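I opened my notebook beside the viewer for this one. Here is what I looked up, entry by entry.

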Amino acid sequence: MASTLKVTRLPENASAKVCKVALVGFGTVGSSVARLLASRNGELPFQLTHVYNRDVARKKVDWVSSDVQWTDTFDDLIKSDAEVIVELVGGLDPAYQWVKSALLAGKAIVTANKQLIAHHGSELFALARERDLHLGFGACVAGGVPVIAALQDGLAGDRLHKVRGILNGTCNYILTRIEQSGASFADALVEAQKAGLAEADPTDDIEGYDARAKLVILSRVGLNADVRADEVQCRAISGVQQIDFDYAHQLGCTIRQISRAEKHGNKLYASVEPALVPQTEPLARVAGSQNLLVSTGEFGGETVFAGFGAGGNPTAVAVVSDLLHIARHKPREYDAADPARFAVSNDFETPHYVRFVIQDKPGIIAAIANVLSKNGINIDSVLQKPGCPKTELPFVMTLETCSAAKLDNALAEIAKLDFHKQAPFCMPILK
Ligand SMILES: NC(=O)C1=CN([C@@H]2O[C@H](COP(=O)(O)OP(=O)(O)OC[C@H]3O[C@@H](n4cnc5c(N)ncnc54)[C@H](OP(=O)(O)O)[C@@H]3O)[C@@H](O)[C@H]2O)C=CC1
Ligand SMILES: N[C@@H](CC=O)C(=O)O
């Protein structure tokens, strides 16, 4: 059956049909949305009516139409005739209260706030549904890459059971800068902040909380699994050192922050952590602030989505696309069915990479091997770069497939041995 393509054109007197939009937050994304709307003035059916920000006077710019009202009183928006409130402030407080009060006042919402949707999505979707209002959140995951729409609509015909991806542009930027030019972690983070990629508090990026919120949203939308963010284990990328890239390359791999969720029976296996990725995988070729998501379905197999996952302009595209969706469509049910509650585990079975930094002496490998073997874990290889100082010697063991929980137990015991100069650093190796 041929599929149909609906082409929407604005009528000549488009102003009669414009949708009034108020922006909440005029930072990286908010100002990029305003810029995009100004640049496409006349092409898009929107009129920007308000810009809200704290201490708004310092935010004013001359390229925004003089009709726009700049305010630092949120209530002005609630009382206004704006039909859509675009929340681009971030965080839970006061964004949650603002979005809720806007829905209660009959305003549609578009947000890029993944923490808000991960933590309060169920309640806000229910409220929007009850009031027949849109709640667009396409910008919450993967910036300009339309993964929410793709999982929700494009792949709705499949039964998805796994999503795996690079969901944080800041971490990917930092890791590729360390890998490609030997930049320090701190310098690469400052660059990511200057480029408008990082969260207001970059701990969210580095510790994995940003990617975790995105994974929770994807689990809900793609896997129909309802899990809480605090149930998903995160490990920071700050433990990754230049030497890990050297060893990873020797193993035919690179290192990326990987977010993954897999349904097995009534359990959702989920984690966000740095991992070794074989160079042959599409995930290994993702550079800078790009994101990539691989979804796996029972019928359609693997589907890959990639593009810029952070930054003002790509995210503004996702926001404006949600606005267009609102302008073009009636509100619709977000969930075909409410997602089911899943127990969460991080106990993936994978091969692992463990880096030790030790004060050298005889018997170290034997001592480590002894603990591993007691825990039923098999060593695959031992790598040691020549020429490192014996007083602070880094070497790596790769381990055959074993449970993450079993390895954690073994490493807790190994960490008590007396030769460590740094705590052992462990990453899964993706299969
Ligand atoms: N940057 C990106 O690449 C992406 C960001 N997002 C999400 O978009 C949202 C906005 O991010 P981004 O634009 O980068 O963040 P910014 O920090 O650049 O912008 C946030 C804006 O909101 C204002 N603001 C923050 N808190 C308050 C408050 N309590 N009252 C009034 N104004 C407030 C800030 O004002 P002030 O200047 O005073 O701090 C700032 O202008 C976040 O939810 C983020 O996770 C999503 C995808 C990509
Ligand atoms: N800080 C986030 C911004 C986009 O969501 C990231 O780096 O991916």
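Which domains does the shell around ligand 1 draw at least three residues from? I found that domain 1 (14-136) and domain 2 (147-310 + 337-345) each give at least three. The domain bounds come from an automatic or database domain assignment.

**Ground rules.** I am working with a predicted model, in which local features need pLDDT of at least 70 and side-chain atom pairs count only at pLDDT 80 or more, while totals for chains, interfaces and linings use all residues. Residues are numbered from 1 along each chain as its sequence is written, and chains are lettered from A and ligands numbered from 1 in the order in which they are written.

**Ligand 1.** I looked up its neighbours and got 24 residues, with Gly25, Gly27, Arg54, Gly90 and Ala112 the closest. A residue is near a molecule here if its C-beta atom, placed from the backbone, lies within 6 Å of it. Helix H1 (residues 28-39) supplies the largest share of this shell, three residues. Helices (H or I, at least four residues) and strands (E, at least two) are DSSP runs, numbered from the N terminus. I sorted the shell by class and noted 10 nonpolar, 11 polar and three charged residues. For that sorting, Ala, Val, Leu, Ile, Met, Phe, Trp, Tyr, Cys and Pro count as nonpolar, Asp, Glu, Lys and Arg as charged, and the others, Gly among them, as polar.

**Ligand 2.** I listed the residues around ligand 2, including Asn168, Thr170, Glu199, Asp205 and Asp210. By class, this shell divides into three nonpolar, five polar and three charged residues.

**Domains.** Besides domains 1 and 2, the chain has a domain 3 (349-428). I noted 28 Å between the centres of domain 1 and domain 2, taken over C-alpha atoms. Eight residues of domain 1 are in contact with 10 of domain 2, contact meaning C-beta atoms, placed from the backbone, within 7 Å. On the domain 1 side, helix H4 (residues 114-130) brings the largest share, six residues. That side has two nonpolar, five polar and one charged residues.

**Whole chain.** I noted 13 helices and 19 strands. The C-alpha trace spans about 80 × 50 × 40 Å along its principal axes. Of the 431 residues, 44% count as buried, which here asks for 20 or more other C-beta atoms, placed from the backbone, within 10 Å of a residue's own. Last, of the contacts with a separation of 6 or more, 74% join residues 24 or more positions apart.

Methods
Two residues are in contact if their C-beta atoms, placed from the backbone, lie within 7 Å. A residue is buried if 20 or more other C-beta atoms lie within 10 Å of its own, exposed if 12 or fewer, and partly exposed in between; C-beta atoms are placed from the backbone.
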